[in-house]
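Let's walk through this model together, starting at the ligand and moving out to the protein around it. Keep the viewer open as you read.

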Amino acid sequence: MVRELFNGIAERYDLANRLISLNLDCCWRRKACEEALKAISPEGGKISVLDVACGTGDMLLCLRKKLDERGIEAEFYGLDCSENMLEVAKRKVPFARLFHGFAGDMPFGDGSFDLVTVAFGVRNFSNRKKGIEEIYRVLKPGGVLAVLEFSRNPSTLGRLAWFYTKGVVPLIGRLVTGYGEAYSYLVRSIEKFPGPEELAEEFERVGFSTLKARWFFPRIAFLLLLRKDR
Ligand SMILES: C[S@@+](CC[C@H](N)C(=O)[O-])C[C@H]1O[C@@H](n2cnc3c(N)ncnc32)[C@H](O)[C@@H]1O
């Protein structure tokens with residue numbers, strides 16, 4: 001279902017994101033990349049980076065920019081279950097190796113990556129525990145995972161952001177993509193998704209340690225930074 005949904009909106013996904021979030025989605029990805037890169041400790045040589053649920057490739061673009069700024073060489077990999085999202089990504093991130101597949105069954109060997117990122121993807125995993133276990137498996141010991149997600153925050157600002165998300169986002173989504181169901185699904189999925197502390201516990205149960213959990217303005221998106229212990 002999720003795959004069909006993203007296949008249906010792929011060509012207009014980026015435009016819808018920019019309009020719906022008033023460009024904040026780019027700031028959230030940028031901050032997530034910055035925090036993730038502070039947490040890794042490259043020991044010289046190339047590092048390998050995987051973006052799970054890479055969609056149209058925005059996170060990979062951001063990662064490459066931030067790694068270039070730090071003079072860190074990297075190999076970039078992306079994985080997504082939507083063929084049409086990957087078609088858009090192929091045009092935007094030709095430097096990355098893109099794979100069609102599901103987070104719960106990834107075509108990578110154990111301990112392949114120094115850094116794994118998932119931006120707005122974990123919420124969509126059909127089997128979250130399996131997806132988390134697979135990410136743990138493909139990370140190197142000591143590797144870092146950055147998860148960017150949406151949830152409801154009880155603060156005043158968070159409640160305002162939720163009000164906007166519930167009331168306005170499906171309308172804009174429908175206008176821009178012609179596929180309102182995708183954005184009603186977005187609202188439903190955020191409503192039942194755990195906040196950073198509860199989500200961190202799910203990752204810790206698989207063996208991760210939490211490095212950081214923080215909300216981004218306006219307290220509807222959050223970052224969870226985790227490490228696979230050595
Ligand atoms: C909301 S989009 C996020 C895309 C991108 N990460 C971004 O920041 O814009 C969610 C993406 O997750 C993908 N996806 C959902 N479930 C997945 C799964 N189990 N395995 C791999 N990709 C998945 C969808 O196809 C879609 O491209």
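## The ligand and its polar contacts

A polar contact here is a pair of N or O atoms within 3.5 Å. Keep in mind that this is a predicted model. With that cut-off in hand, look at C81, where a polar backbone atom lies 3.3 Å from a nitrogen atom of the ligand. The backbone of A53 also takes part, with a polar atom 2.8 Å from a ligand nitrogen. D80 uses its side chain instead: one of its polar atoms is 2.6 Å from an oxygen atom of the ligand. How much of the ligand's surface does the protein bury? Taken alone, the ligand exposes 600 Å², and 97% of that is buried by the protein.

## The shell around it

There are 18 residues around the ligand, and those that come nearest are Y13, A53, D80, A103 and A119. Sorted by class, the shell holds twelve nonpolar, four polar and two charged residues. Which element supplies the largest share of this shell? That is helix 1 (residues 2-21), which contributes three residues.

In soluble globular proteins, nonpolar side chains tend to be buried together. In this model, the largest nonpolar core counts 54 residues, and W28, V49, L67, F76, L115, F150 and Y183 have the most contacts inside it. Helix 1 gives the most to this core, namely eight residues.

Leaving aside neighbours within four places in sequence, Y183 is in contact with I9, A16, I20, V169, P170, G173 and T177. Another core, of 27 residues, lies apart from the largest one; its members include M106, F113, L139 and F208.

## D114 in strand 4

Next, find D114 in strand 4 (residues 113-119).

## S209 in strand 6

Our last stop is S209, in strand 6 (residues 208-216). Is S209 buried or partly exposed? It is classed as partly exposed because its relative accessible area is 24%, and buried would mean under 20%.

S209 and R227 are 18 residues apart along the chain, yet their C-alpha atoms are separated by 5.2 Å. Beyond its neighbours within four places in sequence, S209 is in contact with L225, L226, R227 and D229. With D229 the link is between side chains, through a polar contact of 2.7 Å.

Conventions: Residues numbered from 1 in each chain as written. Predicted model: local features only at pLDDT ≥ 70, side-chain atom pairs only at ≥ 80, totals over all residues. Heavy atoms only, no water. Near = heavy atom within 4 Å. Polar contact = N/O pair within 3.5 Å; in protein donor to acceptor, adjacent residues only side chain to side chain. Areas by Shrake-Rupley, 256 points an atom, 1.4 Å probe, with all protein chains shown as cover. Helix = DSSP H or I, 4+ residues; strand = E, 2+ residues; numbered from the N terminus. Nonpolar A, V, L, I, M, F, W, Y, C, P; charged D, E, K, R; others polar. Core = buried A, V, L, I, M, F, W, Y, C linked by side-chain atoms within 4.5 Å. Buried < 20%, exposed > 50% of the residue type's maximum accessible area, 1.4 Å probe, protein only. Contact = heavy atoms within 4.5 Å.
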